[in-house]
Each structure stands twice: as C-alpha cells, then as structure tokens.
Amino acid sequence: MAVPADGELQELLDRFVCVRIVQMHGVDLAKFAFDGSLTWAIFLMNSDGTIYARYGSRSGLGDQSAREISLAGFKKTLAGALALHARYANDKQAVGKLLAGKTKGVRPPWPTPDEIPTLASNPRFNQPFLGLAGRHNGCIHCHMVPVNELQSLRAAKKPMADRLFSPFPMPNQIGFRMDPDQAATVLRVFGDSIASRSGLKPGDRVLRIDGQPILSTADIQWVLHNADDADELAVEVARGDGAEPTRLTLELPDGWRMRIGEWRFINKSLLMQTLGFNVNVMPPRQARRYGLAGKLAMFVDRTRRDLRKKTGLGNRDVIVAIDGKRDRMTLAGLTAYVFRNKPKGSKLKVTIMEIRDRFPRPESTVEVEVR
Amino acid sequence: MTTPLPILALAAAAVLVAPVCEPASQDRAKTQDRAIAKRERLRDNAADFWIYDDLYKAEELASKNGKPLLVSFRCVP
C-alpha cells in the first residue's frame, strides 16, 4: 500500500504520520512486539509510545492469508484509533491507564534483534543495514526474530516459554472467527471450544478483553499472546441493542497454547533447520478415518534430500509417534518438545504408518539426527 | 565429410543458449541491482506520503503536529 486510491482511506491516513519500517535492525522489540510470521503489521499509536491499536492478522499460508483483513475493516480500526487519540489528548491519565495493557506486554528475551546471540554472531546480519540503496545483505526480516530467539535460548539452555512456540494466537484457535470487514465483531463461534464455553455469540461486538479496548483481530491476538499459560480473561461485548455491555469470561486451561492448532511459518522453519523435515497436522476428520482421532497424526510436508536418502522419510508420510509418544501433538507442541528435550547430536525416533488405499498399514520407526 | 546431425544440433543449441548462461555472480548482482532500483522507485513514489525507515523522524513530526503515528512493518519484496 504505497499511495491509496480509496478517498475515504486517504482521508483517514492523512490524519496520521505514516512511517514504514522495512527491516528489523535496531527495532525495540518491547515497543513493537508482533507476530514475526506476518508479512505486514501495523501499529497505531501516540508519539509517546502509547498504543491505540494493532492491525494485521493471518491464519494460514497461500489463499488463507488474507481471510482476516480487509480495507473495510482497516478503515474502521483507523477510525477507532483516531477516536482514542482524541480521548487521550483530553485525558492522558485516565486513557493512558486504559491503554497500559495494550502498550506494555511480556518482556522479550532480548531488547533488539541485533542483540539476539545467533544474529549478533552471524556476519551476514551483524553489520549495519546499508539502507534502501544498499545491498540486501544485513537485512533482518521479521520472521528471523522469533526463530533466532528460540535458537539462541536453546543454545544457551535457557527456559523457553510456551508463548514463544505459539505466539500471537488467532481467535479462531480458541474457537471464534472475527469479521474482517468490521473492527471487532464476532463472525462465527465454533462448537465445543474455549469461545463457545465463554458464551460468545456471532454478532457480538467485542469492546474489551482483559480491560483493553479492542479495535481489531490483532488486538485480540495481543491479549492472548500476553495471557498466562492458565488464565481467565474478562470479556465485554455489545450485543444487539443492549445498553449495558454483556460480561463473559474466556477460560484458558493450563497448557492451552500447546493444544491449539496453528500454521506458524516459524515452527516449520525451526523444524526444518533442526530435524531436516517439517510437518502439517492431519485434519481431525482424516485422523478419525485412519483411526488416529485424538492421537498424534502429522503429514511430513518437506524433507531434506539427504535425510530422505538416509531414512526413507518422505513427503506425505504419516507420523504417528515421536520418541514413542502417541498423544496428540500440534506443530507448536512438536517444536517445543524437540527444542526442550533434544540437544544437538541426539536422535529423534519418528514412527511412520504406511497409508495405502486409505487403509492403515504397518508401522516403521526411523531415527533422525537432531541438529 | 559432413558434420553429423546431433553435433550440429548441439552446436546450434550452444549458440542460442550461450548469451543467457552468464556466470552466477553476475546474475546475483543484476538481481540485486533490480531490487535496489525497485526499492528506490517505491520510496520515491511514496515519498510524499510515507516516511521510510526513520521512526525518530516520524515520532518528532507526530509530536510536533499532534497527529497519531501509523507504523507499518513491511519489507520491500
């Protein structure tokens, strides 16, 4: 979006000072925390650092990448941020308090990407970025931040929080989808989910979660990203023509992050670098068909050539156990297991079930060296 | 003695293919030059609207004129 052609959008954008950051050198990661798997992230904020809203969400790759955002929704978020800016100008103390949770979250492992050890020690990235007219070398991309944070923590044998493997959870991962054409309106609620159990309904306009004003899906992701591993989040929604907001509670059970499915590019990248292959989690319907309902069921997505030659592990192989464990595992769960339990040089046992003609077949186990 | 057909075919192919088979390093440099030119074109086209890669300048301007900031993280593809 270089120069917008939409008059209404242009009018809204004219009321902001717009700055585009094209690389991550020197970026304050506490101030600008966002999902590194995104290709586009927006912060709407005051010059003093107070954040009014975030924008930019995706729930998959390829065709799915634009399901969560639209120009219509973006304009509404911009309008909401302008309204908050006006309120903040009139009452900095009260509005600042309201926005405190939006502005400050969990502290990142390192303050800037340049200080993350695996980037700081890499001669390709530990040099000054030469600017737009320079060569591409030295450009730290958004996705490199979470990948290198985890790699550095693993190398230093430091604890790795669940949120690092499953960052900025999407609302659909806890059972509700937002309308991309609105700022913060629930479009769908999926049955038997954290969201359905809270009482959220389609059409609900989400006003606040955990006390924070919500102006976008990205705002909801921010709240979820900073939630504890077991948490209860107070939700206020406007429902119908009701004058009073309806109050609900999102109950996040212990370990919720590791149980929700997600597509994150960073997990696939980390698995590829560490194991030589990455995976897709089998959809539930297919897992049921193969007798794997509620159990570990993943397709191999890509395999490094030498690994394929050595072990026979190939694309579309069905993995049913990791080190003998057969409990259901998400992409984040698998990455966390490998990073926390498998040091460099150790072996990971991968059990594959042969699928032919859609009937289950015998299993075999290969050993993969962990890098 | 006439040249065998396969050898003629190979020679013809070599003549056609040779101009496009430049050394890999020259390819990389040309790709980077095109990427730089593209970035500069994008920056110049949007110069009136966007501040590029200078958060301090943006914060200063926003503080001066009382406007909020829109900070976009988006690399130049």
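**Close-up views of the predicted model**

**View 1. Cysteines C18(A) and C142(A) in the predicted model.** Over all chains, the disulfide count is zero. C18(A) takes part in no disulfide. Its nearest cysteine sulfur belongs to C142(A) and lies 18 Å away. C18(A) is buried, at 3% relative accessible area. C142(A) is buried too, at 16%.

**View 2. The second largest pocket, with a volume of about 430 Å³.** The lining holds 24 residues. Closest to the pocket centre are P108(A), P109(A), E149(A), L164(A) and H225(A). By class, the lining has 17 nonpolar, three polar and four charged residues.

**View 3. Helices of chain A that line the second largest pocket.** Which helices of chain A each supply at least two lining residues? They are α6 (144-155), α7 (162-165) and α9 (217-226). The largest share comes from α6(A), which gives four residues.

**View 4. The fold elements and surface of chain B.** Chain B has three helices and two strands. Along the sequence they run α-α-β-α-β. The chain has 77 residues, and 23% of them count as buried. Its accessible surface comes to about 5500 Å². Carbon and sulfur atoms account for 61% of that surface.

Conventions
Residues numbered from 1 in each chain as written. Chains lettered and ligands numbered in written order. Predicted model: local features only at pLDDT ≥ 70, side-chain atom pairs only at ≥ 80, totals over all residues. Heavy atoms only, no water. Buried < 20%, exposed > 50% of the residue type's maximum accessible area, 1.4 Å probe, protein only. Areas by Shrake-Rupley, 256 points an atom, 1.4 Å probe, with all protein chains shown as cover. Disulfide = S-S within 2.5 Å. 1 Å grid on protein atoms, 1.4 Å probe; cavity = no way out; pocket = protein on both sides within 12 Å on 5 of 7 lines; lining within 4 Å. Points joined across faces, edges and corners; volume = space filled by probe spheres on them. Nonpolar A, V, L, I, M, F, W, Y, C, P; charged D, E, K, R; others polar.
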